There are 2 protein chains.
Amino acid sequence: MAIEEPGSVPEAVPGGEATTGPRVARSTLRRVSAGRAGRAATIYDVALAAGVSHQTVTRYLNGFAGIRPATRERVEKALKELDYRPNLAARALNSGRSQRVGAITHELDQFGPSKILQGATAAARDAGFVLDIVTVDLARPDVLNEAIEMLRRHDLAGVLVMSSTDTMSEALATADFGVPVYLGAEPDDTSGTDPSELTQFGFPALFDHLVGLGHHTFLHIAGPAEWSAARNRSRAYSTALAARGLSSAGVLQGDWSARSGYEAVMAAPDLAGATAIVAANDQMALGAILALTERGLRVPEDVSVAGVDDIPEAAYFSPPLTTLRVDFAAQGRAAFSTLLDRIRGEAHALEPALHADLIVRRSTARAPASG
Amino acid sequence: MAIEEPGSVPEAVPGGEATTGPRVARSTLRRVSAGRAGRAATIYDVALAAGVSHQTVTRYLNGFAGIRPATRERVEKALKELDYRPNLAARALNSGRSQRVGAITHELDQFGPSKILQGATAAARDAGFVLDIVTVDLARPDVLNEAIEMLRRHDLAGVLVMSSTDTMSEALATADFGVPVYLGAEPDDTSGTDPSELTQFGFPALFDHLVGLGHHTFLHIAGPAEWSAARNRSRAYSTALAARGLSSAGVLQGDWSARSGYEAVMAAPDLAGATAIVAANDQMALGAILALTERGLRVPEDVSVAGVDDIPEAAYFSPPLTTLRVDFAAQGRAAFSTLLDRIRGEAHALEPALHADLIVRRSTARAPASG
DNA sequence: AGCATCAATGTTGCCGGAAACATAGCGTGT
DNA sequence: ACACGCTATGTTTCCGGCAACATTGATGCT
């Protein structure tokens with residue numbers, strides 16, 4: 001029930017004698033008309049209803065301990081009755097900080113980025129934050145600058161840049177948000193930490209598996225070199241080969257898409273003698289499988305194919321794809337968590353573990369006898 | 001270069017004689033210390049630099065015509081020198097409206113929803129808005145309420161609910177955001193408009209294609225009934241069959257996932273004699289293809305399979321999938337556009353056209369002779 | 001010439017919350 | 001019994017933008 005009678009002060013202050021008058025001074029009453037239908041209750045409305053000053057309400061909301069139980073009770077009651085919710089714009093205006101984090105992303109339709117975003121939003125929600133999302137088009141740098149500009153106006157607590165490509169990194173290197181920025185969901189090879197330790201993904205396990213099946217000549221389909229994720233995976237491929245005394249028969253250049261995997265394999269006349277193809281993601285592996293099939297090669301009898309990511313569809317490819325399962329949602333959560341720690345000024349010791357599990361399916365099998 | 005000397009008023013007002021003193025009154029100078037390093041310039045800083053009142057700056061920013069050219073020029077110069085950007089939190093606090101739209105979504109990892117989101121964010125960016133994204137988990141209604149709660153505090157201009165399921169609709173029916181809400185990217189069968197006109201997608205074209213190939217017994221793999229998109233597609237399937245005097249041999253229940261398509265086909269002993277399977281999305285079609293293959297049936301020689309969506313991978317399935325291409329990004333853009341019109345109080349006559357193009361690939365072929 | 005009018009611009013106050021500062025009242029030590 | 005100090009609470013001010021109102025000077029009309 002809404003408060004309508006201006007004179008009906010609920011819960012008159014017990015100790016308020018007529019001689020001293022109400023303890024609430026005039027300035028506190030400046031918004032007598034508040035509480036009207038439609039508009040949300042403010043701390044002033046709550047203060048009025050509770051017979052205290054707005055500052056006491058603020059103190060209660062901020063967990064200040066020194067409030068008398070009786071006062072505390074009245075405030076609680078008023079808060080509940082008026083269904084008070086803090087106005088975050090006012091809080092942001094005052095403090096210069098908001099409960100929002102900007103997120104710049106592109107290629108949202110791709111599995112990895114969108115899953116990372118999902119993880120980040122979930123982590124944000126749990127922390128009471130929302131993500132302000134702006135998508136950009138890498139082909140249009142002006143849009144990126146415009147997006148940065150938009151985010152700058154929004155009193156953000158921080159900025160999360162979801163997919164780390166060189167274009168993004170360069171554009172953001174010059175941007176000054178005035179708030180913490182977390183760039184990328186995968187540690188870049190320029191990040192200073194030893195990438196060989198962090199970014200092996202599950203490649204060692206994958207190559208143990210393949211070598212165990214008798215393969216010793218491999219072909220890699222790489223992602224676009226501009227992406228740090230693509231570079232990391234290519235390096236993990238090379239590192240794993242080198243560790244086993246093997247060398248790559250070649251690297252085909254893809255762009256993450258199934259089409260690029262298809263075309264890369266179609267353009268490689270004899271596969272350089274490889275018996276196994278390791279693509280940097282599942283989509284390119286899918287394209288490779290189709291290309292091999294069209295060239296009359298059976299998967300996995302003639303050529304084994306493996307991917308990375310374990311997109312939900314990978315288990316239902318024909319044949320089901322052996323792949324490295326990457327926990328993108330965890331990456332997104334970790335990214336947000338790191339950013340949140342930076343926002344709060346805390347050091348974040350936890351390095352993102354780029355763990356990946358080998359998922360063996362039917363697209364990899366024993367190498368053909370002829371070798 | 002930052003302004004540091006308190007006395008160095010840039011661009012002294014030309015007409016300001018010593019007798020009358022500067023035209024800027026004391027109240028305008030209340031933020032003399034502004035312009036310090038770090039903090040962004042405000043209209044007061046700009047006013048000070050230009051030698052005008054802050055209100056003149058506001059008027060300039062809001063496109064007020066009655067400003068003398070000389071004054072206008074000074075304001076422009078000050079704005080540029082100080083690199084002024086409006087503080088949107090202050091604007092939101094004052095007006096109760098922001099340049100942000102809330103977006104509630106789930107299943108962000110799925111192609112349709114994420115592509116719709118991408119379209120919506122692009123449209124939002126073009127309109128100068130950002131999307132505040134909150135993902136929810138349909139299995140946890142408390143999270144949804146919490147998400148609604150969070151968005152309510154953020155002075156949003158509107159709310160966009162991306163994927164329309166009954167759970168979402170019900171939860172949002174009782175939620176009062178106090179701002180326009182756009183629910184769903186596909187018109188629901190309960191939306192009042194004649195769904196048979198709007199939501200045929202490309203099913204007529206698909207069935208023309210299949211019937212032309214000699215098929216007359218069909219099986220449908222439906223999406224989860226809770227999704228309006230799934231209901232729309234199932235109805236479009238039935239409608240298209242009825243229009244041709246054919247009837248369905250059965251409807252298998254899926255949940256959008258490739259796994260569900262696989263399991264549905266595995267569980268259907270003889271496919272009810274169908275020679276063609278029409279899945280409500282490409283993932284379920286993919287699962288169906290694998291299941292058919294494992295059961296010794298060839299696609300498309302023995303059974304034709306078609307999907308809906310045209311996800312980027314569909315062209316590289318084995319065999320490449322015949323499907324109906326849906327323009328999700330356009331749906332997302334249309335959804336945002338409709339919401340924006342509602343926010344601005346304008347009627348939005350444009351109905352979202354659920355257009356879909358038939359993409360014929362190798363997964364559909366002539367029906368086997370025996371029929 | 002004098003007054004109404006209008007164009008251009010300045011001043012005040014409000015949005016909702018929170019920090020900084022102020023004050024009333026109570027207990028305690030001597 | 002009185003000063004001191006602390007606790008609980010009240011008051012003022014600020015964040016940055018904008019609306020409403022106020023003011024100034026020039027023009028036009030009679």
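The copies meet through the same surface, because 100% of the interface residues of chain B are also interface residues in chain A. Here two residues are in contact if their C-beta atoms, placed from the backbone, lie within 7 Å. This is a predicted model, in which local features need pLDDT of at least 70, side-chain atom pairs count only at pLDDT 80 or more, and totals for chains, interfaces and linings use all residues. Residues are numbered from 1 along each chain as its sequence is written, while chains are lettered from A and ligands numbered from 1 in the order in which they are written. Helices (H or I, at least four residues) and strands (E, at least two) are DSSP runs, numbered from the N terminus.

**How the two chains are related**

- Two copies of a chain are related by a rotation about an axis and a shift along it.

**The interface**

- Chain B gives 48 residues to the contact, and chain A gives 48 residues.
- On the side of chain B that touches chain A, at least two residues each come from α4 (88-95), α5 (111-126), β2, α6, α11 (258-267) and α12 (282-294) of chain B.
- The most comes from α5(B), with eight residues.
- By class, this side of chain B has 24 nonpolar, 13 polar and 11 charged residues. Ala, Val, Leu, Ile, Met, Phe, Trp, Tyr, Cys and Pro count as nonpolar, Asp, Glu, Lys and Arg as charged, and the others, Gly among them, as polar.

**The sheet shared by both chains**

- An open sheet of eight strands has the order β4(A)-β3(A)-β1(A)-β2(A)-β2(B)-β1(B)-β3(B)-β4(B), with mixed pairing; two strands pair if DSSP finds at least two bridges between them.
- Its edge strands, each pairing on one side only, are β4 (181-183) of chain A and β4 (181-183) of chain B.
- On average, and with direction ignored, neighbouring strands of this sheet are turned by 25° against each other.
- Across the two chains, β2(A) and β2(B) pair in the antiparallel sense over three bridges, and D132(A) stands opposite D132(B) in β2(B).
- Within chain B, strands β1 (residues 100-105) and β3 (residues 158-161) run parallel and are joined by four bridges; I104(B) stands opposite V161(B) in β3(B).
- Helix α6 (residues 141-152) of chain B packs on the sheet and touches β2 of chain A together with β1, β2 and β3 of chain B. The direction of α6 makes about 155° with that of β2(B).
- Axes are lines fitted to C-alpha atoms, for helices over the stretch in contact, and angles run from 0 to 180 degrees between N-to-C directions.

**Helix α5 of chain A**

- α5(A) lies across β1 (100-105), β2 (130-135) and β3 (158-161) of chain A together with β2 (130-135) of chain B, and runs at about 80° to β2(B).
- The axes of α5 (residues 111-126) and α13 (residues 328-343), both of chain A, come within 6 Å and cross at roughly 50°.
- That makes α5(A) oblique to α13(A); angles under 35 degrees count as roughly parallel, over 145 as roughly antiparallel, 65 to 115 as roughly perpendicular and the rest as oblique.
- The contact of α5(A) with α13(A) has 11 nonpolar, six polar and two charged residues.

- β9 (residues 322-326) of chain A and β10(A) run antiparallel and are joined by four bridges; the bridge partner of R325(A) in β10(A) is D357(A).

**Backbone details**

- Most residues other than glycine have a negative phi, and most peptide bonds are trans.
- The peptide bond from V299(A) to P300(A) is cis, with omega near 15°, and P300(A) is in the loop between α12 and β8 of chain A.
- V299(B) and P300(B) are also joined by a cis peptide bond, with omega about 15°.
- L271(B), a residue other than glycine, has a positive phi, near 60°; L271(B) is in the loop between α11 and β7 (276-279) of chain B.
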